[in-house]
Amino acid sequence: MLAGNPSVPVVRTATHAGSWYLNDEDQLDAQLTAWLTDVRSASTFPHPSCAPATPATNPPALPMSGTRVLVAPHAGFTYSGATAAWAYGAWDTAGIRRVLVLGPSHHVYLAGCALTRCTAYDTPLGALAVDTAATQRLADTGHFTFMARDVDEAEHSIELHLPWIAKVFNDRAAASLACADLAADEEGEGEDEARAAMEPEPLPTLVPILVGNLSPEQARIYGELLARELADPHTAAVISTDFCHWGSRFRFTAYTPHPAPPCACDHPRTHHVHPHHDAEHHAPAPAMPWSVPPAHPHAPPADVVEDAGWSARPTAVIPTTASPVEHLSTRTAAEAIGGTGVPLHASIEALDRRAMHLLERLDLARFHEYLAETKNTICGRNPLLVLTAALNYLYEASLDMAAMPLLAPTPAAEHAATAPADPSSLALQPSSLRPSVADQRTMLANQARILSTPGAVGVRGHAPPAVLPELRFVAYAQSSACRTPRDSSVSYAAAIVRLPDGLDAVITTLEEEARAADAAEREILRMDEDTESAFSEQPEAEEEMAGQQEEAKPENPVAAIKAAMAAAEREEGRAV
């Protein structure tokens, strides 16, 4: 059972309110409002720190349709709030009833994932109920344990997102009531009657998930479980993570004097079909100054920004491959930084950008390799692994969903004589000439660049935001600009994930097909076992039959006469 007595509410206290973020409801609401307003009134989206090489002429309307998954930091709000706002400001909460929050475990070692036994989480902006049914459903898979109450309340990675969730959904409810008031004014009804006639959207329920250290296989398993939850269009998720923790107090002082330039192309997975290390992707990227959201409390002095290195150094001196990673100490710092290498904070940013690039590509295998190679102290690396595995699962399901209309036979298809060259007319091909599901999924993936071009018409008119999941980082910052090994900093990044509609039906179909395939495989194995058993019993049957045949053979008369004569001779011998 989820709790010893489900009828007794167990409310988790907001243990970090008053220290990591404001405890006063009005002050906290005003602070979050200011950050969200900055994002929604900005002239560009995403933040300039994550702007594409060719920014859109007009910023997209916020919230962005289909944005159901967020990646955001969990540091104290003074440090990370301005960055987190770029994710929460784009969140499309329409129809959302449940939010999964995945946070890394900071205080206990956990090999797997754990769920809460609490029935609600308190925040200064109101309590959020736990979806105990969904929690129990996940527990029933056998892949989860439960957090102890003290572990739950000591962990900050989940709690730091709850005021944001409460704020965004409280604003949604307030906007709904404002619309009701406006409609009442236009129709001449009273505000009280209009409000009573309208059912306000309730706050969403929570499914808090504490994520421990995961093997690649565990990440895949939890990713598929998360994907099944996200297939529900009424479910959203928040992935809690900070990026690089740099400095001796974090036991991480990696420094690359000449980091390889980031890939020059602008692509999530839908834009990037070729392998990551193709020669065409070694072109130096545009100059990348050290970036920080407006009015960030730890913005570096102007001279630091001007001397950041990325924007000051000519592109020609950047090597096409990274120089070896060094681990700095006070003794080696002067020599390392005093040369031609980039400043420390630029090396840290380059390290983080590599991870962000791989995550945007949904490149799970290379992200595993990156973590093993760099040892970058991304505290939410395991929640990110689960998310990437989930999005890969949903990506494949989305390709199947996009291919389904092409596979449906039409009357014209049975009479078409030749296969048209235009992929958008694939459904008109004869069934014998239409490509397989696998071939069509490959075709759809290879058309991703065309599909992703604004205004382009893709297969059957589909455009990628409506077809394929897409992860985009929208802001990046550092708590401070490290210049010497005595300094320290934590990096913050925010990302949004847009998911297509209709995934629930596709995944249901895929799971039914998988169950049917398993049943067919079990039947084949049973038939094989029956055949093997029949063959194993055959020699015994043949031996028994041979014995019976031997017994049934007619007696040889010659042999019988000889036997009788021999017996008679023996009898005569005994008589003499």
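User: What makes the largest space of about 80 Å³ a cavity?

Analyst: In this predicted model, the largest cavity has a volume of about 80 Å³, and the term cavity is used for a set of points, on a 1 Å grid over the protein atoms alone, where a 1.4 Å probe fits but cannot get out. Its volume is the space filled by probe spheres set on the points, which are joined across faces, edges and corners. The structure holds one cavity of 30 Å³ or more. Local features need pLDDT of at least 70 and side-chain atom pairs count only at pLDDT 80 or more, whereas totals for chains, interfaces and linings use all residues. Residues are numbered from 1 along each chain as its sequence is written, and side-chain values use heavy atoms, with hydrogens and water left out.

User: Which residues line the largest cavity, and how are they classed?

Analyst: Lining residues have an atom within 4 Å of a point, and for the largest cavity these are L100, L102, C113, L138, F144, I209, Y222, L225, L226, E229 and V386. The lining has 10 nonpolar, no polar and one charged residues, where Ala, Val, Leu, Ile, Met, Phe, Trp, Tyr, Cys and Pro count as nonpolar, Asp, Glu, Lys and Arg as charged, and the others, Gly among them, as polar. At least two lining residues come from each of β3 (98-104) and α7 (216-230), and α7 gives the most, with four residues. Helices (H or I, at least four residues) and strands (E, at least two) are DSSP runs, numbered from the N terminus.

User: What makes a space a pocket, and which residues are closest to the centre of the second largest pocket?

Analyst: A pocket is an open set with protein on both sides within 12 Å along at least five of seven lines, and the second largest pocket holds about 820 Å³ of space. Of the 37 residues that line the second largest pocket, H106, H156, D242, H245 and C379 are the closest to its centre. Two or more lining residues are given by each of α2 (77-88), α12 (381-407) and β14 (489-498). By class, this lining divides into 15 nonpolar, 19 polar and three charged residues.

User: Why are α1 and α2 called oblique to each other?

Analyst: The axes of α1 (residues 25-40) and α2 come within 8 Å and cross at roughly 50 degrees, the axes being lines fitted to C-alpha atoms, for helices over the stretch in contact, with angles running from 0 to 180 degrees between N-to-C directions. Angles under 35 degrees count as roughly parallel, over 145 as roughly antiparallel, 65 to 115 as roughly perpendicular and the rest as oblique, and α1 and α2 are therefore oblique to each other. Their contact (heavy atoms within 4.5 Å) includes L28, W35 and R40 of α1 and F77, W86 and Y88 of α2.

User: Why are α10 and α11 called roughly antiparallel?

Analyst: The axes of α10 (344-360) and α11 (364-374) come within 9 Å and cross at roughly 160 degrees, and α10 and α11 are therefore roughly antiparallel to each other. In their contact, residues including L351, D352 and R354 in α10 meet residues including R366, F367 and Y370 in α11. The contact has six nonpolar, one polar and four charged residues. L362, in the loop between α10 and α11, has a positive phi of about 55 degrees although it is not a glycine.
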